[in-house]
Amino acid sequence: LTTWVQTVYPDIQDLLLSHGFKEVQRNVQSALDLTALSLGSPNADCEVVSYAGWRDRSPDTWLDDVYRLEMDIGPDIPMTGEYKEMSFEQFKSEVFSSVVDLDLCFLAVLDGELAALSQIILTPAAPELGRTGLTGTRRAYRRRGLARALKIVSLNAAKEKGITRVVTDNEVDNPMWDLNVELGFRRDYDHVAYTLSEVP
């Protein structure tokens, strides 16, 4: 049994610990004020193209390309359980949902291959608020600054679209948290996962 609790509720945390739950993962919830953002241009040895641009370039295969990229990155996302790929139909329904703007999702392209991605997801009820979706790099292309370049591009694009605040969460030991701090994200609170392995 696993449950998540925000650190703004310490009484609930204490209750879980008193009943034998153990902390198994901690994700930092942070935010970035885009009104004061000045990140400049990314400096990376890759081509950056939006999902919309890749769709226009490869209309017959773009969705399959992005699906495979996301599924290849997925196993490296810190999580409390076993990773399982979503179906292509589920992925397709998410891509074409009201919270996804194909002009705010970006790909890094190296030698014609998709190497990394980063996304800003919309908040329909609060158009000024965005949140980061998946950001990640295929293992063969890591340590080349691709995630940093894509995040800079996506944040600048979000600001141009009128988004003034972006929120995200990262596992506390994930290098992505360090990158977000470098870019100006500031910690709000933590999401903590607690697991009970044996029921008393």
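Biologist: Let's start with phenylalanine 88: what is its relative accessible area, and how do I read that?

Modeller: Buried means under 20% relative accessible area, exposed over 50%, and partly exposed in between (1.4 Å probe, protein chains only). Phenylalanine 88 comes out at 25%, so it is partly exposed. Bear in mind that this is a predicted model, where local features need pLDDT of at least 70, side-chain atom pairs count only at pLDDT 80 or more, and totals for chains, interfaces and linings use all residues. Residues are numbered from 1 along each chain as its sequence is written, and side-chain values use heavy atoms, leaving out hydrogens and water.

Biologist: Which aromatic pair does phenylalanine 88 form with phenylalanine 91?

Modeller: A pair of aromatic rings is described by the distance of the centres and the angle of the planes. Rings of Phe, Tyr and Trp (its six-membered ring) pair if their centres lie within 6.5 Å; planes under 30 degrees apart are stacked, over 60 edge-to-face, and the rest tilted. Here you get a tilted pair, 6.3 Å centre to centre with 40 degrees between the planes. Both residues sit in helix α4 (residues 88–95), three residues apart, so about one helical turn separates them. Helices (H or I, at least four residues) are DSSP runs, numbered from the N terminus. Phenylalanine 91 is buried, at 1% relative accessibility. Ring pairs also bring in Tyr67, making a cluster with Phe88 and Phe91, and the structure holds four aromatic pairs.

Biologist: How many disulfides are there?

Modeller: A disulfide is a covalent bond between the sulfur atoms of two cysteines. The cut-off used is sulfur atoms within 2.5 Å, and the structure holds zero. The sulfur of cysteine 46 has its closest cysteine sulfur in cysteine 105, 16 Å away, so that is too far for a bond. Cysteine 105 is buried, at 2% relative accessible area.

Conventions: Helices (H or I, at least four residues) and strands (E, at least two) are DSSP runs, numbered from the N terminus.
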